[in-house]
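Please look over the structure below before reading my notes. Keep it open as you go through the points.

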Amino acid sequence: MEKLSFLKRIFTGRSGRKIKEVITAYAFIAPATILIFIFGIFPVGFALYVSLHKWRIKKGDFIHLQNYVNAIGNLAYVVIFFLGILSLVGMYLLIRKIIKMARENEEKPWITILPGVLFAGTAVALLRWFYSALPEVLAIADKLRGLERSQELFMQLLGEALRAETVLPAWRTFIWLFLASLVVGGLVYWFWRNRRTMEYQAYFALIFLALGAGIGLIYYTFERVSAAYAAAFESGTDPGIWPQFISISAGVILLILAWVLWQRAPKGESKGGFFLHILAAAALLVGAWLLIGEIPTIVASGDEDLWEGLKVTVFFSVGTVPFQLAIGLFLAVLLFQKVPGSNIFRILYFIPYVTPGIASAAVFQQMFSNRQSAPVNQFLSFLGMEPQQWLFEPRGIVTLLGESLGVNVPAWAAGPSLALMVIIIHNIWTYVGYDTVIYLAGLGNISKEMTDSAEVDGANRWQVFRYIIFPLLSPTTYFLSLIAIIGTFKAFNTIWIFRSNLALGTTDTFSLTIFVEFFEKLRYGYASALAFILFGIIIFLSYINNKTQGSKVFYG
Amino acid sequence: MAENETRKNALKFSTQRNIFTYTILLIGVFISLVPFVWMISTSLMNLGEALGTAFFPSEFHFENYAEAWRRADFTEYFVNSILITLITLVGQLTFSILAAYAFARMEFPGRDLIFSIMLSTMFIPAMVFTIPNFLTVTWLGRIGPIRWINNWPSLTIPFMGSIFSIFMLKQFFGQVPDELYDAAQMDGAGHLRFLVQVVLPLSKAPLMVILVLSFIGTWNALAWPMLVTNTPDWRPISVGLMSFVTEAGQEINLTMAGAFITILPILIIYFFTQKQFTESIARSGLKG
């Protein structure tokens, strides 16, 4: 009874209401957060784990970076090394930020280094526990085979798994570190009595994590390369990693240097600016030359399917995104002139986007059939051209064009296959309406005064569009191009429907390559490594897109 | 006089311009819709006509639809797809509404951190998740009381936590004025009642969009259902259509009928919701 009233008092006071609100909030977010954790965050760690193993349906040996080396050759070592360098750069930026923050507030936050280290250690310990517990927990399913399943049995096996001799020490370290960091963090908070204590602690924890990751990755690279050399030495071959390593690193560093110099060089016709521009150009040339010189070696040592998939994806992106955006913008500008019935046009243009891609792909498949009587081939005959094989045609469009003109086109200039062209057309057809609708919204945000005053000043319609409307639309263009590029790298469903053996894999984009490795060849570990490479490419592209377009985006 | 002349010229000019604009716009409509027209007209032909050069059927063979429906076993796939969609939607909407409300209107430690960690998963390509999630789902089915592979849990539960829905609803819930909450609190309503009785009725538009987008997403899903089903028991319509297209091969009048059957539900939903739909896409698209 007494206890109950005590509880009641906790929840009715002023701070009590706050506690109640916090508990309610956690209850509200719990289901979604747990699901997103299990199926959206945990899988990233799990995929990394799988990618470091030989894994064909069942888990095999731990093979370090072998899957990545199989995919992209020695480039894998270079990438890991640069990830380490990036961590260190991140650490440097964080330190600068923390110093600036301390100086601005005239504080000495150095005491929070202590809990920062402990929190970083806790995070590492948690990760270590996660990776030691994962195989034990996965093995429960095998232990249960043939037994009567019950909750008690599962809990018992789970307990055994978590108490295994590889798991328990990791768990203990984690708990001790966690308690220690809580105590130390609390003490620091108590003594220092500063609003920003938690912020400083978090920053220091991040700094130490970045430091650990940087040093760890760099050390790991060198250890792995030495191991590769040792293995090669036994079989009497030369893996040639170091020369490749050095020239790629030098190339990348020169490119970054060129970028930095170009940005720093004073604008205008000063002598120093001219000199810096020349220097930047030289760095760019040498860097690019070093990197281009390495490409054949990398391609030769990596997986052929992967490079082929990457090439197809690039064709797909380049063939889709610019056209889709241009047509969408053009239609949006026309529709924006308040023509009667513009709403109906908008509704109709949007239909391809909402149509299930699988069904519309099935329709396109028949329209672009290789039958002479299929609509597109009929149209070609109407224009007096030869009917084509379309989705069954692995030859490139430039090759086909050359053949009809009697020119022999070299293999490297073949271009996307005709089969891929059908997929590109279908993709443009699907997304033009979506781009139109979004561009229309963007046009609606441009103030009429601005275009009107330009017209009063004597600008013609093209000039108004070129110098006012188009620049003001740049955030929309940036957003749409990012979505579209990432979309082409992720595309799966329609390409899977369009896929035909006769196209000899010329329509298999990177996503398809991954799925085939996983679904048909059952190489789970290798497919996971490929998925991470795709992830890396998407991050890299978003970054480049942000750097090149983002700086020019005009957020009126 | 002179003024009248220029106005006339302007009118003439604008008529010319309008003709040009309409021509282009109509070409756009033609290209957007011609695949649908061709699909419907082919689906009504007999096989000989479908493989020939005719664009319109000489007589309408509506029995193609019955034939395609029977051959492709669409009844089972339709029921499966509708069940999968319903279960996913109920779970996803409930969980997303609750979470979005808490993220938008409540104070709790770690709110921004948790939200930004979840948001960052939006940029990870699905292929990274597919393999580990397949292993997880298999594992869950082997240890738990219910089957996951070839059963509804694997097709619905992983999609119930949707950061996209939470993000979209959060944007909207945040715009509900605070005065409304203060008034509700005066009347003794807690968060849950405020959410159900005040916020939700105000958010019909974004809820409709999430509903339609999730519906399309579930209707369209291919890679994941292919992985986690190997019998028709729980296979959705997308996989059903794909196998029918392969199986029916050259009988394109039947495959076109099948494609139209698959598209129709989505088209109906789109036409009923198109106003909210295009507007919300435009709004959320720009913010996303």
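1. Start with confidence. This is a predicted model. The predictor gives the complex an ipTM of 0.88 and a pTM of 0.88. For chain B, the average pLDDT is 86. There, 92% of the residues score at least 70.

2. Next, get an overview of chain A. Chain A contains 22 helices and 2 strands. Its C-alpha atoms fill a box of roughly 90 × 70 × 65 Å along the principal axes. Of the 556 residues in chain A, 33% are buried.

3. Now consider sequence separation. Take the contacts in chain A with a separation of 6 or more. Residues 24 or more positions apart account for 71% of them.

4. How do helix 5 and helix 7 of chain A cross? Helix 5 spans residues 113-143, and helix 7 spans residues 168-192. Their axes come within 8 Å and cross at roughly 160°. Angles over 145 degrees count as roughly antiparallel, so that is how helix 5 and helix 7 of chain A run. Their crossing is left-handed. On helix 5 of chain A, the contact residues include L118(A), F119(A), A125(A) and W129(A). On helix 7 of chain A, they include W171(A), F174(A), L177(A) and V184(A).

5. A second pair is worth checking. Helix 19 (residues 474-490) and helix 22 (residues 524-548) of chain A pack at an angle of about 160°. Their axes are 11 Å apart. Helix 19 and helix 22 of chain A are therefore roughly antiparallel too. The crossing of this pair is right-handed. Helix 19 of chain A makes the contact with S481(A), L482(A), I485(A), I486(A) and F489(A). Among the partners from helix 22 of chain A are L534(A), I537(A), I538(A) and L541(A).

6. Which residues have the most contacts inside the largest nonpolar core? They are L530(A), A531(A) and A99(B), in a core of 162 residues. Helix 16 of chain A, residues 418-444, gives the largest share of this core, with 16 residues. Another core lies apart from it and has 16 residues, among them I98(A), F119(A), V167(A) and Y200(A).

7. Finally, look at A99(B). Set aside its neighbours within four places in sequence. A99(B) is then in contact with F28(A), I29(A), A32(A) and T33(A) from chain A. It also contacts I166(B) from chain B.

Key: Residues are numbered from 1 along each chain as its sequence is written. Chains are lettered from A and ligands numbered from 1 in the order in which they are written. This is a predicted model: local features need pLDDT of at least 70, side-chain atom pairs count only at pLDDT 80 or more; totals for chains, interfaces and linings use all residues. pLDDT is the predictor's confidence in each residue, from 0 to 100. A nonpolar core is a set of buried Ala, Val, Leu, Ile, Met, Phe, Trp, Tyr and Cys residues joined through C-beta atoms within 7 Å. A residue is buried if 20 or more other C-beta atoms lie within 10 Å of its own, exposed if 12 or fewer, and partly exposed in between; C-beta atoms are placed from the backbone. Helices (H or I, at least four residues) and strands (E, at least two) are DSSP runs, numbered from the N terminus. Two residues are in contact if their C-beta atoms, placed from the backbone, lie within 7 Å. Axes are lines fitted to C-alpha atoms, for helices over the stretch in contact, and angles run from 0 to 180 degrees between N-to-C directions. Angles under 35 degrees count as roughly parallel, over 145 as roughly antiparallel, 65 to 115 as roughly perpendicular and the rest as oblique. A crossing is left-handed if the near helix is turned anticlockwise from the far one by less than a right angle, and right-handed if clockwise.
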